[in-house]
Amino acid sequence: MSTQARPKRLSVTQIQSRKGGDKLVCLTAYTASVARLLDHEVDLLLVGDSLAMTVYGFDSTLPVTLDMMIAHGAAVVRSTEHALIVVDLPFGSYQASPEQAFRASARVLAETGAAAIKLEGGEEMAETVAFLARRGVPVMGHVGLTPQAVNALGGYRSRGHAAGEHDKIMRDGIAIAEAGAFSLVIEGTAESLARELTAAVAVPTIGIGGSPACDGQILVIDDMLGLFTEFTPRFVKRYRELGDEIRAAARDYAGEVRRGDFPAPEHTYPAPRRSKTSGHE
Ligand code: KIV
């Protein structure tokens with residue numbers, strides 16, 4: 001047995017205890033290679049259903065399946081050791097009933113090794129959140145702009161600017177937190193609403209187009225690296241332009257291949273030296 005202590009992953013309760021404390025740093029991750037690079041830089045990695053758009057090229061998050069989320073969730077868990085891993089329940093896998101949500105969550109937790117699931121929705125999902133929490137499923141809520149409801153919301157516009165919508169999103173967030181969610185994503189809302197909701201709930205809020213007052217922030221990894229450029233919401237800050245880097249690398253490679261400069265001698269296997277006695281070394 002090794003005498004070296006293995007680094008321990010952050011737990012749901014450690015994340016929950018950060019309410020009002022050190023800001024929670026969160027990103028999405030979908031693949032082993034990227035998750036490995038991010039693991040020690042963040043507190044939490046979300047295997048978001050945004051992978052429908054970033055990885056699979058769909059024009060919304062709706063077509064992603066539970067099997068797809070589980071395959072990506074398992075890859076992210078396998079390649080990390082520090083961050084808490086949360087996996088999104090995809091559209092249609094949990095809205096029908098608390099029992100359906102439990103079956104989907106149980107598959108995610110058992111088949112990926114992730115510690116928690118995330119689901120979208122407000123007051124209408126509170127009973128489901130309570131059902132899951134009472135049965136040992138840690139739930140991250142998600143209110144405000146909820147991309148799985150794009151058809152009902154009529155697009156991806158920011159929400160909560162009018163009084164009626166503001167009050168509804170406040171009720172949504174409070175209902176999900178009080179039902180037992182351990183944290184709450186607030187996406188694409190009026191800044192003042194995200195600030196007010198953060199003050200109103202006892203669990204950490206994670207903003208994406210929310211407010212600097214949120215207890216943490218999350219961005220979609222492809223957005224912040226400049227890899228997903230089809231559209232850029234106001235709340236995205238691009239920390240690098242890796243899309244340009246990748247295109248430039250491919251252009252360099254193409255030029256070298258066409259000129260016959262790649263592979264160079266150091267990229268090829270030289271013929272084995274012949275030995276005088278046995279013929280081969
Ligand atoms: O799917 C996702 O990436 C998300 C984040 C935007 C919070 O839900």
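The model is a predicted one, and everything below is read from its atoms.

Around the ligand sit Thr28, Leu46, Gly48, Asp49, Ser50, Asp88, Lys118, His142, Glu187, Ile208 and Val220. Sorted by class, this shell comprises 3 nonpolar, 4 polar and 4 charged residues. For serine 50, a polar side-chain atom is 2.5 Å from a ligand oxygen. In the case of lysine 118, an N or O atom of the side chain lies 2.9 Å from an oxygen atom of the ligand, and for aspartate 49 the corresponding distance between a side-chain N or O atom and a ligand oxygen is 3.0 Å. On its own the ligand would expose 260 Å², of which the protein buries 96%.

Next comes serine 183, a residue of strand β6, which covers residues 183-187. Is serine 183 buried or exposed? Its relative accessible area is 0%, so serine 183 is buried. Histidine 142, one of the residues around the ligand, is 41 residues from serine 183 in sequence, yet the two C-alpha atoms are 8.7 Å apart in space.

The cysteines raise a question of their own. How many disulfides does the structure hold? The count is 0. A disulfide is a covalent bond between the sulfur atoms of two cysteines. For cysteine 26, the closest cysteine sulfur belongs to cysteine 214 and is 11 Å away, which is too far for a bond, because a disulfide needs the two sulfur atoms within 2.5 Å. Both cysteines lie inside the protein by the accessibility criterion: cysteine 26 counts as buried at 4% relative accessibility, and cysteine 214 is buried at 0%.

Finally, threonine 80 belongs to the loop that links α4 (66-78) and β3 (84-88). Although it is part of a loop, threonine 80 counts as buried, with a relative accessibility of 9%. A polar atom of the threonine 80 side chain lies 2.8 Å from the backbone oxygen of valine 76. Setting aside neighbours within four places in sequence, the contacts of threonine 80 are Arg9, Ala35, Arg36, Asp39, Leu45 and Ile85.

How values were computed
Residues numbered from 1 in each chain as written. Predicted model: local features only at pLDDT ≥ 70, side-chain atom pairs only at ≥ 80, totals over all residues. Heavy atoms only, no water. Helix = DSSP H or I, 4+ residues; strand = E, 2+ residues; numbered from the N terminus. Buried < 20%, exposed > 50% of the residue type's maximum accessible area, 1.4 Å probe, protein only. Near = heavy atom within 4 Å. Polar contact = N/O pair within 3.5 Å; in protein donor to acceptor, adjacent residues only side chain to side chain. Areas by Shrake-Rupley, 256 points an atom, 1.4 Å probe, with all protein chains shown as cover. Nonpolar A, V, L, I, M, F, W, Y, C, P; charged D, E, K, R; others polar. Contact = heavy atoms within 4.5 Å.
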